Every structure is written in C-alpha cells, then in structure tokens.
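These are my notebook entries on one protein chain. I set out to look up its core, its sheet and its aromatic rings.

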Amino acid sequence: MHLLPFAWLVLGCVFCFCQAAPTNDDDFVTYSEFQVWKITTRSNEENKLVLQMIRHYGFEAWKDSDAISAPIGVLISPLFLEEMKLKLAATNISYEVEISDLQTAINDENASVNVSAITTKLAHKMDWTSYHRLDDIYGYLKYLADTYPKLVRLIDIGTSYEDRPLYVVRISNSSSPDTQPAVWIDAGIHAREWISPAVATYILHQLVEEPTNVGLLLNVDWYIMPIMNPDGYEYTHMKNRLWRKTRSKTSSKKCRGVDANRNFGYQWGGAGSSRDPCAIKFRGANAFSEPETLATSNFITEKSKQIKLYLTLHSFGQVFLLPWGHSVTYPSDYDEMKSLAKNATSKFKRYKYRVGNLAAVLYRASGNSADWAKSIGIDYSYTVELPAKDFLLPASRILPVSQDFFPALEVFAAKVATLKVTYSFPA
C-alpha cells in the first residue's frame, strides 16, 4: 500500500480549515478555478487510502462509496491542484478532471432564466426551463391552492430557523380527505440539490393541472413538500451555490448548519454522520434539533397511518435506495420493497437507475429521513438520487429528467391504492 507524504497531510488540513471557516458568512462564495476530479482506485487498500484522506483532512467528496470499483468524486481547491497531481502520481492512483472550472459550470447551469413567465402570466412565475427562487415556488403553491380549492390544500406545518414557512401541499379529490392511503414526496432537504424541488413542483403541476393524470388521484391522496430546507435553498441562490445544510447556528462560532438528512430520530448519531459542527454531514446537537426536521416529522407522524409510501428526492446518482442506511442490514420486507422499486424504475426511458440498499450501494447514512419513515411503520420508503453531474444540472435538462421520472408514480399510486388505512381508537 502506498502512503501519502507528510506534506500532503499538512496541506489537507489547511484546505479543510479554509472550507470550514470563510472569513464572513455573508460573503459571496466563488468557485473560480476549483475543479472536480473523479479518482479511480484499483484495490481495497487504495480505496481505503483515498476515503481516509477525504475524511481525515476534510476534502469534500461529491461522490463516494465503500465499493472499490466506484469512482470517488472530490472537490479540489486551485491552491492544491499541482500538489494533488504530484501526490496521486506518486501513489499511482489515476484520476480524471470532470469539471475544469466549477464557477463556469455554476454560471452556465441557470444561464437563461425564462422571463416570459414573468411578462405573460400574472398568476405565477413558475416554469420548468429554469431554476426558481423560493418566492416563485411558494407563489406557485399558493396559485394551485387558490385556483383548485376542491383539489389542493396548502398546509403550513411550521417555520424554518430563519422564519420561512414550511409548506406541504395535499392533493385529494376525495369527499373525505385524509381517509385514503397516501403518497408522501419531499425534496430540497439538501439545499444545493436544485433538481429535486424542480421535479417535485413538476409532479405537482402534472397531478393538479394535467387532466390526463386524474387516474393517479383515484383512491390515493398526495402530500408533497417541495422544499424542506428553505433557508439553505435561498442561501444557495444568494451566497454559496454548493451549500448543503440548514442555516441554524451551532456550537461553533465559525460553522453553521446541520445536515437535515442526518438529523432524523432513527439510529441518529451512527455511522455516516458527524459530531463536528463544521462537517458537511453534521448530525446536529440531537435528533430533530432543526425546526425543519421536527415540523416535518411531526406532520408525517400524525399522518403515518395514512401515508403508505415515502419518497424523498435528492441528487445525484440515478439510484433508488432502500433502507437501511445506518448499516448494511435489510428490513424483513426488503424484497417486496425492491420489487416495487424495480417496477417503477422500469418506466424510465431516458435515464437508467440502479436499485438497492443505501448502505450497500453507496455508504452508511445514519439519521436519514427514509430510514426514519420506515421505522415508524410506513410500508414503502425510498431515497431517490436523481440525475445530475456533480450536483449541477443545466436548466435545459429539468424537463427531460422530470418527464422521465413522472411515469414511475403510476406504479406507486397503483400499489398504494390497494392498501387500507386503519386507525386504532381508544376503548
């Protein structure tokens, strides 16, 4: 096994500090000349070595896995590009540059914001040819509730750390809503994964405004939360495109935010999460420490007898992930869950998805929302990693990704419609 020279270890520590402690939290963060590399290992020793470097020195892995064959994506500071080239060459580990200038890729991602919606539609500004700010998204939710009051209810379930509302949209054509089996979909738990709220709002549009999809509302209610982390989402538009966490204050004066997908109360604090407030996967001071995760979990728990399928949208990777994520273990009904997911993914024509256990396919992730949903008795629980390239996806691909994904919901709705809602009442 090749060992890294000590000089790289020191530089790694410097890089970690620079990433964790910007001089001013209100400064605009630029990624000019930053690169994203895909590092390929050939042995278990090399794989462990690269992952150890990333964890120990605070490099951000954009795509990592415990599997030897899976390439590891790493964000590289321009300060250390030449040094990294030399050290990888010294250890005979190969790599390729996926993004040569990250800021250029960011600038190109949402380059042509559609102004036609602003000038031609008074009711809302929403479209799926550009990524929208929170006000546009929330404006669209209110438009749907106002325009289709018999079908749509906008539910305010709480407020974020920075006092933004947390909205869930209920879609039901039943004369007795809340009594039918339901599908839950959330998105935007990780702020920088812009494609997930875009797909969630596209799903809303199709379910509510497209008459040909009325069959998906037969005997099924839908609860959709397009943005679980509104503070972080706005921060990615205003200050730092690659911000992941919430925006709450922590015990560290220099580091803010919690990884909301490590903050749920099942196996909280285990493998794949961090106790370090400056870490990208910081779990929080305790389970449900964040107002966003607490409000969401309270609402889902209240509806847990009704919600039969939980779907949380992320990016990137093109995988359907099943519990458990805290360890490579499997629920007793894993095969049934996997069969349904495979049926759903068979509907995809443009993008191909893998299906498997989260911890086995990717990595361990204790305290994630899908594990928690499964733990409280929701029958089917999935994490979906949508297509993207290193968290960035040009706005021109929002519609192709959304259109390709939507038919999977037909499979899920058909299954959920066969399930019964049972309530227990005190004697």
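**Entry 1: the cores.** I began with the largest nonpolar core, which holds 79 residues. Leu102, Trp222, Leu311, Phe320, Tyr382 and Phe405 touch the most other members of this core. I record here that the model is a predicted one.

**Entry 2: Leu311.** I looked up what Leu311 touches, leaving out residues up to four places away in sequence. Its contacts include Trp184, Ile185 and Asp186. I also listed Phe320, Tyr382, Val384, Phe405, Leu409 and Phe412 as contacts of Leu311.

**Entry 3: the sheet.** I recalled that strands of a sheet pair through backbone hydrogen bonds, in either the parallel or the antiparallel sense. Here I traced an open sheet of eight strands with mixed pairing. The order I wrote down is β5-β6-β8-β7-β9-β12-β10-β11. Which strands lie at the edges? They are β5 (152-159) and β11 (354-357), each of which pairs on one side only. On average, neighbouring strands of the sheet are turned by 20 degrees against each other, with direction ignored.

I examined one pairing in detail. Strand β7, residues 182-186, runs parallel to strand β8, residues 221-225, and five bridges join the two. I looked up Ile185 and found that its bridge partner in β8 is Ile224.

**Entry 4: aromatic pairs.** I found 26 aromatic pairs in the structure. Are the two residues buried or exposed? Both Tyr131 and Trp194 are buried.

I also noted one aromatic cluster, formed by Phe320, Phe348, Tyr353, Tyr382, Phe405 and Phe412.

**Entry 5: a charge over rings.** Lastly I looked up Arg247. Its charged end sits over the ring of Tyr235, at 3.6 Å from the ring centre. The charged end of Arg247 also sits over the ring of Trp243, at 4.7 Å from that centre.

Terms used. Residues are numbered from 1 along each chain as its sequence is written. This is a predicted model: local features need pLDDT of at least 70, side-chain atom pairs count only at pLDDT 80 or more; totals for chains, interfaces and linings use all residues. Side-chain values use heavy atoms; hydrogens and water are left out. Two strands pair if DSSP finds at least two bridges between them. Helices (H or I, at least four residues) and strands (E, at least two) are DSSP runs, numbered from the N terminus. Axes are lines fitted to C-alpha atoms, for helices over the stretch in contact, and angles run from 0 to 180 degrees between N-to-C directions. Rings of Phe, Tyr and Trp (its six-membered ring) pair if their centres lie within 6.5 Å; planes under 30 degrees apart count as stacked, over 60 as edge-to-face and the rest as tilted. Buried means under 20% relative accessible area, exposed over 50%, partly exposed in between (1.4 Å probe, protein chains only). A charge sits over a ring if NZ of Lys or CZ of Arg is within 6 Å of the ring centre and within 35 degrees of the ring normal. A nonpolar core is a set of buried Ala, Val, Leu, Ile, Met, Phe, Trp, Tyr and Cys residues joined through side-chain atoms within 4.5 Å. Contact means heavy atoms within 4.5 Å.
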